Amino acid sequence: NKPIYILGIESSCDDTSASVICNAKVLSNVVANQEVHSKYGGVVPELASRAHQQNIVPVVQQALEQASITKEQLSAIAFTKGPGLMGSLLVGTSFAKSLALGLQIPLIDVNHMQAHILAHFIEENSKIPEFPFICLTISGGHTQIVKVTNHFEMEILGQTIDDAVGEAFDKSAKILGLAYPGGPLIDKYAKLGNPKAYPFTKPKVGDLDFSFSGLKTGILYFIQKQQRINPNFIAENLNDICASIQYTIVEILMDKLKNAVKKTGIKRIAIAGGVSANSEIRARLLLAEKHWGWSTNIPKFEYTTDNAAMIAITGYLKFLNNNYADVSVTAQARLKV
Ligand code: KG4
Ligand code: ZN
């Protein structure tokens, strides 16, 4: 079993990340978050690509240093081809291509959404999923229920028809005057609040599809109305508001997972993507394991939000299949799982 070293590079949105893995074991996973977006309440694409340009070399150097290997020891370079912001993707793509060309080693293109799911195959996770399983991929850009038959055979069973669940968290947070990204803040305040304080209406959409734009509008109107009555409404009730928003969103996600189990007969459930860092969805899945006999896979916290270790593990799995990219490969803003 010869050690295979893969450098993974992720630059699809606002995190510049590089990771070195040895087979399925992570040796380093460096993530540079871009602070510049927080005051705009969302990612500004132009600023994101500029920051990637500044971060990419030091982040890759740090990843190699932390892994205690030289670039000459690398077996291949894996990078995010898409989906994501075009300007951001181009930075990682061009860098990966040049480095692979310079080192004369294989280049491997990775689908970011597949990578979120394949992060489950990183050795450090408490357990590795068995096929087939259902993965709920929940991030700032996507909300999908995917049937995973093997590492590279994935089928989308349902997805959002408008906003992603991460957007629902972030836009709700923005309404409350919280900084971007607001998901983790809602999670934090929700821990101290009553989840049943304010009932919000759940959307009506197809069996396995999602819709969050109506919920966001509902929350906006509710908050505006309450603030007219009491200008300190948000400040006085922040914990309860956050707990109620989070409860509604997680209820929606759990309802859909129940539908997916019913429809497919598959009780092995995994979650992936930034929102799977949410403490409430994690707790509810553990309860489902206990009460409904589901087998659940919850990735280690650091492999949920955007990171390059997930790109590297996907690269490793593709490397084992000699599935390399051509040097003519380009970034693709839209790419299906
Ligand atoms: O996967 P990710 O890092 O980037 C995308 O590919 O979109 O996901 C980022 C999203 C953001 O919307 C962020 O608010 C959300 O994940 N998020 C959370 C939590 N941590 C991150 N949402 C709810 N609770 C959390 N603890
Ligand atoms: Zn992502």
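Tutor: Start with domain bounds, which come from an automatic or database domain assignment. Here the assignment gives domain 1 (5-119 + 304-320) and domain 2 (127-298). This is a predicted model: local features need pLDDT of at least 70, side-chain atom pairs count only at pLDDT 80 or more, and totals for chains, interfaces and linings use all residues. Residues are numbered from 1 along each chain as its sequence is written.

Student: How many residues does each domain put into the contact?

Tutor: Two residues are in contact if their C-beta atoms, placed from the backbone, lie within 7 Å. Domain 1 supplies 14 residues and domain 2 supplies 16 residues. The C-alpha centres of the two domains are 27 Å apart.

Student: What is the largest nonpolar core like?

Tutor: A nonpolar core is a set of buried Ala, Val, Leu, Ile, Met, Phe, Trp, Tyr and Cys residues joined through C-beta atoms within 7 Å. Buried means that 20 or more other C-beta atoms lie within 10 Å of the residue's own, with C-beta atoms placed from the backbone. In this model the largest such core has 87 residues. Those with the most contacts inside it include Ile 77, Val 165 and Ile 313.

Student: Which residues does Val 165 touch?

Tutor: Leaving out residues up to four places away in sequence, Val 165 touches Ile 138, Thr 143, Phe 210, Phe 212, Ile 249, Leu 253 and Val 275. Another core, of seven residues, lies apart from the largest one; Ala 48 and Leu 85 are among its members.

Note on methods
Chains are lettered from A and ligands numbered from 1 in the order in which they are written. A residue is buried if 20 or more other C-beta atoms lie within 10 Å of its own, exposed if 12 or fewer, and partly exposed in between; C-beta atoms are placed from the backbone.
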